[in-house]
Amino acid sequence: MPTLLITGSTGLLGSKLARLARERYRVVGLGRAAPDGPPLDYDFRPVDIRDRRAVAALVQGVRPHLIIHTAAMTAVDRCETSPEEAEAINVAGSGHVATAAAATGAHLIAVSTDYVFDGESGPYAEHDDTNPLSTYGRTKLEAERRIVAICPAACIARTSVLYGAGPGVRSNFVFWVLGELRAGRPITLVADQTGSPTLADDLAALLLGLAGLGASGLFHTSGSESINRFDFGCRIARTFGLDPGLIRRGATAELYQPAPRPKHSGLVVGKVTRLLGRSPLDVDSGLAALKRQLETAAP
Ligand SMILES: NC(=O)c1ccc[n+]([C@@H]2O[C@H](COP(=O)([O-])OP(=O)(O)OC[C@H]3O[C@@H](n4cnc5c(N)ncnc54)[C@H](OP(=O)(O)O)[C@@H]3O)[C@@H](O)[C@H]2O)c1
C-alpha cells in the first residue's frame, strides 16, 4: 500500500482525508498536537511545520509516496493581527513541507484558498489574476509560489468556505448557523461576501481523485456554486427545517473584521470537473449530504 502523509490531519479537511484515504493508503498524519478525546485511529506524528529539521526528519523517516499539505494558519483575522506567525506557518512552513517532498521524491498536493483573489469579479478560474486583500490571502499565495518553485510538479488545489462535521472536527460556519437557529436566536449574515461553499468530505474525495491521476498544476476545487453568506444561511435553514426568518441580511462593514474579505469571490471548477469526470457538489447537494451524515451519526 502506498503511504500518504497528511499535514494538518487534525483539521477539518485533514481529518476527512485521513478517514477517506485509508482504503487506498497507509495514512500518516501530522499536526501540532493530537486533539483531546479518543485516540486517533491512524499513525499521528506531532510536528510543527515551522520546524524545518523536524519536518525533514519526519518525511525522511516515513518516505511517503504522496503528501497532501492542508496545515495552515486558517483564522483569517488572527493572520491579520499576527502576520509574523501567519508568514512562519503558511509560507515558511509550506516551504519546509515542499523541500522535504522534493528531497524524497514524494508527489505534493497543497491546499490553497480563493482569498488569493480580491473579490472584484469572482467567481474565478485558474487563469485569473490574483490580488490578495488580507495577510491570510497574501501568505497563502506566497506559499503557492514557494511550493511550485521547490516542487514544479506539485498540484495546488484552491478551495473556498469549507464546512463539514465529524468527531473532533472544529466548528465552522454551517455549525454556527445551525446552533444559533436551533436555539431560536436571530443572526445577521452578510450579503456582500460571496464564496463557493465546499463540503470537506467532497473536497477530500476530489483531492484523492487528483492524487490518483498524479495531477500537477493549479486546480480550483471548491463546491460548484457561488453564493453569498446570507443566501447560504437561508439554504442551510431550509435544508435543516429551521426558520430562515431568523436571519437578517447584513453588510461586511457592520462586522468590523480586522482582515478585509473579498466581496465577489468563489471559484470556477470546470477544469477539475473535466479531469475527474464529475462536478463537485453544489450548495444543496452538499448540505443534503451533511444532513444525511448527521442523521446517520445520531444515536
Ligand atoms: N476553512 C476554510 O473555509 C478554508 C477556505 C479556503 C481554503 N482553506 C484551506 O484549506 C486547508 C484546510 O483548512 P481547514 O479548515 O481544514 O483547516 P483547520 O481546520 O484550521 O486545520 C488546520 C490544521 O493545520 C494544523 N496546523 C496549523 N498550524 C500548524 C503548524 N504550525 N504545524 C503543524 N500543523 C499545523 C492544525 O493542527 P493544530 O490544531 O495541531 O495546530 C490543523 O490540523 C488550509 O490550507 C486552508 O488554508 C480553508
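How far from an oxygen atom of the ligand does a backbone N or O atom of threonine 70 lie?

Author: The distance between that backbone atom of threonine 70 and the ligand oxygen is 3.0 Å. This is a polar contact (a pair of N or O atoms within 3.5 Å; within protein, one must be able to donate a hydrogen and the other to accept it, and residues adjacent in sequence count only if both atoms are side-chain atoms).

A word on the model comes next. It is predicted: local features need pLDDT of at least 70, side-chain atom pairs count only at pLDDT 80 or more, and totals for chains, interfaces and linings use all residues. Residues are numbered from 1 along each chain as its sequence is written, and side-chain values use heavy atoms, with hydrogens and water left out.

Isoleucine 49 uses its backbone, where a polar atom is 2.9 Å from a nitrogen of the ligand. On its own the ligand would expose 900 Å², and the protein buries 87% of that. These areas come from the Shrake-Rupley method with a 1.4 Å probe; for residues, only the protein chains shown count as cover. Around the ligand there are 28 residues. Here, a residue counts if one of its heavy atoms lies within 4 Å. Thr10, Thr74, Tyr136, Lys140 and Arg170 come nearest.

Two of those names return at asparagine 90. This residue sits in helix H4, residues 83-104. Helices (H or I, at least four residues) and strands (E, at least two) are DSSP runs, numbered from the N terminus. Beyond its neighbours within four places in sequence, asparagine 90 is in contact with Tyr136 and Lys140, and also with Ala72, Met73, Cys79, Thr139 and Ala143. Contact means heavy atoms within 4.5 Å. Asparagine 90 has a relative accessible area of 1%, so it is buried. The cut-offs are under 20% for buried and over 50% for exposed, with partly exposed in between (1.4 Å probe, protein chains only).

Now to strand E5. It spans residues 107-113, and seven of its seven residues are buried, so the rest of the structure largely encloses it. In a regular strand the side chains alternate between the two faces of the sheet. In E5, His107, Ile109, Val111 and Thr113 point one way. Leu108, Ala110 and Ser112 point the other way.

E5 has strand partners. Two strands pair if DSSP finds at least two bridges between them. Strand E4, residues 66-69, runs parallel to E5 and is joined to it by four bridges.

E5, helix H5 (residues 135-150) and E6 form a right-handed β-α-β unit. Right-handed means that, with the strands pointing away from the viewer, the path from the first strand over the helix to the second runs clockwise. Glutamate 144 belongs to H5. Its relative accessibility is 7%, so it counts as buried.

The loop between E5 and H5 holds proline 123. The peptide bond from glycine 122 to proline 123 is cis, with omega near 0°.

Past E6 comes valine 161, in the loop between E6 and strand E7 (162-163). Valine 161 is not a glycine, yet its phi is positive, about 35°. At 19% relative accessibility, this valine counts as buried. Arginine 63 also has a positive phi, about 50°, without being a glycine. Its place is the loop between helix H2 (52-62) and E4. Arginine 63 is partly exposed, at 45%.

Last, phenylalanine 219. It is in strand E11, residues 217-220. With a relative accessibility of 4%, phenylalanine 219 is buried. Threonine 159 is 60 residues away in sequence, but 8.9 Å away in space, C-alpha to C-alpha. Leaving out residues up to four places away, phenylalanine 219 touches several others, including Cys155, Ile156, Ala157 and Arg158.
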